[in-house]
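Here are my notes on the model, point by point. Please read them with the structure open.

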Amino acid sequence: MTDYYESEMGANLFRRLVAFESLRSPEALVEAKLACNRIENALAGPRGRRVNLDIGYLDHNKVVLASAKAAGQKIYLANGIYADLVARYAQDAISPFAWTFPDFKDGRYDAELAELRALYLRQRKEQSPSAG
């Protein structure tokens with residue numbers, strides 16, 4: 001929705017959401033983002049990155065993405081990686097913040113994120129009936 005990455009990756013970019021089948025702990029976010037950075041570097045071309053992998057997690061309350069860029073809303077975790085709170089769940093809907101990426105704000109991922117959240121909640125319940 002912006003030209004931020006155009007000089008590096010070209011025009012007409014798109015975002016794809018990918019989810020892993022098994023649950024992972026939020027503590028794994030730093031190592032996962034560092035692994036994503038290695039993949040980005042391995043796939044880079046002469047102009048720079050060809051992909052931008054923003055790994056993150058969701059739970060019953062929020063959507064968090066990992067970032068290597070500092071900003072006021074981001075919380076430093078370790079090894080140059082920050083947690084970026086991009087949305088929360090409020091009144092059974094995804095609620096973005098002022099700093100949330102425009103494509104997360106416009107609702108295009110709401111149904112998919114709601115489906116992933118429902119899957120997360122089912123998995124948590126299967127792991128422990130009192131979890132949630």
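1. Terms and ground rules. Contact here means heavy atoms within 4.5 Å. This is a predicted model: local features need pLDDT of at least 70, side-chain atom pairs count only at pLDDT 80 or more, and totals for chains, interfaces and linings use all residues. Residues are numbered from 1 along each chain as its sequence is written, and side-chain values use heavy atoms, with hydrogens and water left out.

2. Ser 67. Leaving aside neighbours within four places in sequence, Ser 67 is in contact with Lys 33, Lys 74, Gly 80, Ile 81 and Tyr 82. Ser 67 sits in strand S2. Helices (H or I, at least four residues) and strands (E, at least two) are DSSP runs, numbered from the N terminus. Ser 67 has 9% relative accessibility and so counts as buried. The cut-offs: buried is under 20% relative accessible area, exposed is over 50%, and partly exposed is in between (1.4 Å probe, protein chains only). The side chains of Ser 67 and Lys 74 are joined by a polar contact of 2.9 Å. A polar contact is a pair of N or O atoms within 3.5 Å; within protein, one must be able to donate a hydrogen and the other to accept it, and residues adjacent in sequence count only if both atoms are side-chain atoms.

3. Helix H2, geometry. H2 covers residues 29–43. At 1.5 Å a residue, its 15 residues should span 21 Å, and the end C-alpha atoms are 21 Å apart, which agrees. The expected span is 1.5 Å times one less than the number of residues.

4. Helix H2, faces. Which residues of H2 are buried? They are Leu 29, Val 30, Lys 33, Leu 34, Cys 36, Asn 37 and Glu 40. Down the axis of H2, the buried residues fall within an arc of 155°, so they line one face of the helix. The arc is taken from the directions from the helix axis to the C-beta atoms. On the other side of H2, Arg 38 and Ala 42 are exposed. The buried residues of H2 pack against strands S1 (56–58), S2 (62–67), S3 (75–78) and S4 (81–90).

5. Strand S4 and its partners. In S4, 7 of the 10 residues are buried, so the strand is largely enclosed by the rest of the structure. Two strands pair if DSSP finds at least two bridges between them. S2 and S4 run antiparallel, joined by 6 bridges. Ala 66 has Ala 83 of S4 as its bridge partner. S3 and S4 also pair in the antiparallel sense, over 3 bridges. There, Ala 78 stands opposite Ile 81 of S4. S4 runs antiparallel to S5 (residues 93–96), with 4 bridges. Arg 88 stands opposite Ser 95 of S5.

6. Hairpin turns. Check the backbone here. S3 and S4 form a hairpin with 2 residues between them. Asp 92 lies in the loop between S4 and S5. Its phi is near 60°, positive in a residue other than glycine. At 83% relative accessibility, Asp 92 counts as exposed.

7. Salt bridges. The count is 7. The rule: a side-chain nitrogen of Lys or Arg within 4 Å of a carboxyl oxygen of Asp or Glu. Glu 8 and Arg 49 meet at 3.1 Å, N to O. Glu 8 lies in helix H1 (residues 6–9) and Arg 49 in the loop between H2 and S1, so the pair ties together parts that are 41 residues apart in sequence. Glu 8 is partly exposed at 23% relative accessibility. Arg 49 is buried at 17%. Arg 49 also forms a salt bridge with Glu 40, the closest N and O atoms being 3.3 Å apart. Both Glu 40 and Arg 49 are buried.

8. Other charged pairs. Arg 108 and Asp 106 form a salt bridge at 2.6 Å, N to O. Arg 108 is partly exposed at 49%. Asp 106 is partly exposed at 41%. A network of salt bridges links Arg 15, Lys 33, Asp 54 and Asp 103.
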